[in-house]
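Subject: Structure for your files

Hello,

Here is the structure we talked about handing over. My notes on it follow below.

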Amino acid sequence: QVQLVESGGGLVQPGGSLRLSCAASGSISSITAMGWYRQAPGKQRELVATITSGGSTNYADSVKGRFTISRDNVENTVYLQMSSLKPEDTAVYSCKLQKLWAGVRYDYWGQGTQVTVSS
């Protein structure tokens, strides 16, 4: 089993910054990618950023140039540095871990952390 614990959410003013963390534990061998997704009220969950085991990154167009995803392979933690935050970034941010085992893909989700951007 895999456990994902997110932290770092909160209330921030527009233009401010936050850093989210997602620590993975348990059966975390064969990780292929980790990432952050978000869901705003009344909207579908959307991809924010992902990072593969090889270090390749991918970002939603709406966050490019403002958010940076990184990963500490020793601590099995993925980070999302968010800068120049906008009210439209307000959402529940969830961490996802993807692993491949015996040819089968497994996805695991964290519990989510609230990010509110408001003055």
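**What was found**

In β9, Lys99 is the bridge partner of Ile31. Strands here are DSSP runs of E of at least two residues, and helices are runs of H or I of at least four, numbered from the N terminus. Two strands pair if DSSP finds at least two bridges between them.

Before the rest, two notes on the source. This is a predicted model, in which local features need pLDDT of at least 70 and side-chain atom pairs count only at pLDDT 80 or more, while totals for chains, interfaces and linings use all residues. Residues are numbered from 1 along each chain as its sequence is written, and side-chain values use heavy atoms, with hydrogens and water left out.

**Strand β4 and its partners**

β4 and β9 run antiparallel and are joined by 8 bridges. β4 also runs antiparallel to β5, with 6 bridges between them; Ala33 has Thr52 as its bridge partner in β5. The hairpin of β4 and β5 has 6 residues between the strands, and Gly42 there takes a positive phi near 75°.

β4 is mostly covered, with 7 of its 9 residues buried. Buried means under 20% relative accessible area, exposed means over 50%, and partly exposed is in between (1.4 Å probe, protein chains only).

Arg38 lies in β4 and counts as buried because its relative accessibility is 6%. The Arg38 side chain makes a polar contact of 2.7 Å with the side chain of Glu46 and another, of 2.9 Å, with the side chain of Tyr93. A polar contact is a pair of N or O atoms within 3.5 Å; within protein, one must be able to donate a hydrogen and the other to accept it, and residues adjacent in sequence count only if both atoms are side-chain atoms. Not counting residues up to four places away in sequence, Arg38 touches a list of residues including Gln44, Val48, Ser62, Phe67, Glu88 and Asp89. Contact means heavy atoms within 4.5 Å.

**The four-stranded sheet**

An open sheet is formed by 4 strands in the order β1-β3-β8-β7, with antiparallel pairing. β1 (2–7) and β7 (67–72) are at the edges with a single partner strand each, so one side of each has no neighbour in the sheet. On average, neighbouring strands of this sheet are turned by 15° against each other, direction ignored. Axes are lines fitted to C-alpha atoms (for helices, over the stretch in contact), and angles run from 0 to 180 degrees between N-to-C directions.

Within this sheet, β3 (residues 18–26) pairs with β8 (residues 77–82) in the antiparallel sense over 6 bridges. Leu18 has Met82 as its bridge partner in β8.

**Core and disulfide**

The largest nonpolar core has 31 residues, and Leu4, Met34, Trp36, Leu80, Met82, Tyr93 and Leu97 have the most contacts inside it. Elements giving two or more residues to this core include β1, β3, β7 and β8, and also β4 (31–39), β5 (46–52), β9 (91–101) and β11 (113–117). A nonpolar core is a set of buried Ala, Val, Leu, Ile, Met, Phe, Trp, Tyr and Cys residues joined through side-chain atoms within 4.5 Å. Leaving aside neighbours within four places in sequence, Leu80 is in contact with residues that include Leu18, Leu20, Trp36, Val48, Phe67, Ile69 and Tyr93.

A search of the whole structure finds 1 disulfide (a pair of cysteine sulfur atoms within 2.5 Å). The disulfide joins Cys22 to Cys95, with 2.1 Å from S to S. Cys22 is in β3 and Cys95 in β9, so the pair ties together parts 73 residues apart in sequence. The link is left-handed, with -80° about the S-S bond, and both Cys22 and Cys95 are buried.

Most residues other than glycine have a negative phi. Asn76, in the loop between β7 and β8, has a positive phi near 55°. Ser84, in the loop between β8 and β9, has a positive phi near 50°. Asn76 counts as partly exposed at 23% relative accessibility, and Ser84 counts as partly exposed at 41%.

Gln1 is in the segment before β1 and counts as exposed at 64% relative accessibility. Gln1 touches Ser25, Gly26, Ser27 and Tyr108, not counting residues up to four places away in sequence. The C-alpha atoms of Gln1 and Tyr108 are separated by 9.0 Å, with the two residues 107 apart along the chain.

Regards
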